Each structure stands twice: as structure tokens, then as C-alpha cells.
Amino acid sequence: MKSRDVARAVILVAVAVALGFASIPIGISRISPGQHLVNVLAAVMLGPAYAVGIATATAIIRNLLGVGTLLAFPGGIFGAFLAAILYRGFKNVFVAGLGEVIGTGLVGSLVSVWIVAPLLMGKPMALGALMLAFSLSTLAGTVIAIVALYGLRKAGIWQP
């Protein structure tokens with residue numbers, strides 16, 4: 001574990017938590033495009049273990065601060081993991097972004113509707129509504145992340 005990577009991870013958790021205050025309540029969820037922005041950045045810049053760790057730490061902190069729900073766990077972790085795995089395999093930020101969108105919009109919403117909402121939150125959820133909310137949130141954050149990565153690369157701050 002490199003101290004520079006740990007420092008980057010801590011910064012990304014702080015950014016995700018800060019952006020979490022701008023989350024949008026939809027039903028019993030609070031969507032956070034900032035989380036998905038950070039997921040893609042972490043996936044591409046740091047890899048799967050860090051991406052999942054950052055998503056998990058962010059979900060814990062957001063819940064403790066009252067600006068997130070238990071849906072933050074499947075809503076962030078699956079997208080971060082899939083984005084990082086796909087980036088590792090293809091070395092393409094667009095493919096990483098696709099992983100984030102599928103991991104959150106599809107897998108995260110399914111886990112949320114079938115497990116988290118009914119078992120942990122005691123509330124049923126409509127799959128279509130949550131899938132739409134998660135997909136819009138992750139799509140917005142992913143687009144911003146891809147633009148940010150290209151800007152960082154052009155500025156010479158990050159190299160793939």
C-alpha cells in the first residue's frame with residue numbers, strides 16, 4: 001500500500017462525503033451523483049480494492065451524518081467494483097463508466113429492492129423507480145468523472 005494512494009483515497013472519501021450533502025431525495029433513497037463521480041475516479045486511478053473501500057467508507061460516513069441511507073451501500077459499492085474491474089481489463093475510461101452505470105443502475109438497484117429496502121429498512125420499493133433514480137444518478141456522475149479524467153490527463157496531473 002503506497003502512502004500516496006492512501007492519501008488519494010482519503011481525499012476521494014472526503015470529496016464524496018462533501019458532495020453527498022447535495023444528494024437528492026427520491027422516495028426512501030437519496031441519490032448522489034457525486035458518489036458515482038468519485039467511484040469512477042477511484043476505479044480508474046486506484047483500482048478495485050480502493051474503489052470498493054472508498055465507496056464503503058463514504059456510505060458509512062454519509063449514514064452516520066444523516067445524509068445517506070442504507071441504499072448507499074449497494075448504490076455505490078457494486079458500481080465502483082465493476083468500474084474498476086472493467087477498467088483493469090480494458091484500460092478505457094468509457095468502459096469503466098459503463099461498469100459504474102451497470103453496477104449501480106442495474107445490480108445496485110436490484111440488490112436494494114430485493115434485499116436492503118425490505119429486509120434492512122422494512123420498506124418495499126418499486127424496482128422501476130429505484131432503477132431509474134440510480135441510473136440517472138450514476139449516469140450524471142459518470143459523465144462528470146470522464147470529463148474530469150480527460151481534463152486531469154490533459155493538464156498532466158494524471159496519466160493512465
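This is a predicted model: local features need pLDDT of at least 70, side-chain atom pairs count only at pLDDT 80 or more; totals for chains, interfaces and linings use all residues.
Residues are numbered from 1 along each chain as its sequence is written, and side-chain values use heavy atoms, with hydrogens and water left out.

**Aromatic pair**
- The ring centres of Phe 94 and Tyr 150 are 6.0 Å apart with planes at 35 degrees, so the pair is tilted (under 30 degrees is stacked, over 60 edge-to-face, the rest tilted).
- Phe 94 belongs to helix 5 (residues 93-120) and Tyr 150 to helix 6, so the pair ties together parts 56 residues apart in sequence.
- Tyr 150 has 33% relative accessibility and therefore counts as partly exposed (buried is under 20%, exposed over 50%, partly exposed in between, with a 1.4 Å probe and protein chains only).

**Helix 2 against helix 6**
- Helix 2 (residues 33-45) packs on helix 6 (residues 127-154) at about 45 degrees, with the axes 7 Å apart.
- The two helices are therefore oblique to each other (under 35 degrees is roughly parallel, over 145 roughly antiparallel, 65 to 115 roughly perpendicular, the rest oblique).
- Residues in contact (heavy atoms within 4.5 Å) include Leu 37 and Val 40 in helix 2 and Ala 140 and Ile 144 in helix 6.

**Val 143**
- Val 143 is placed in helix 6, and its 48% relative accessibility makes Val 143 partly exposed.
- The C-alpha atoms of Val 143 and Phe 94 are separated by 9.2 Å.

Methods: Axes are lines fitted to C-alpha atoms, for helices over the stretch in contact, and angles run from 0 to 180 degrees between N-to-C directions. Helices (H or I, at least four residues) and strands (E, at least two) are DSSP runs, numbered from the N terminus. Rings of Phe, Tyr and Trp (its six-membered ring) pair if their centres lie within 6.5 Å; planes under 30 degrees apart count as stacked, over 60 as edge-to-face and the rest as tilted.
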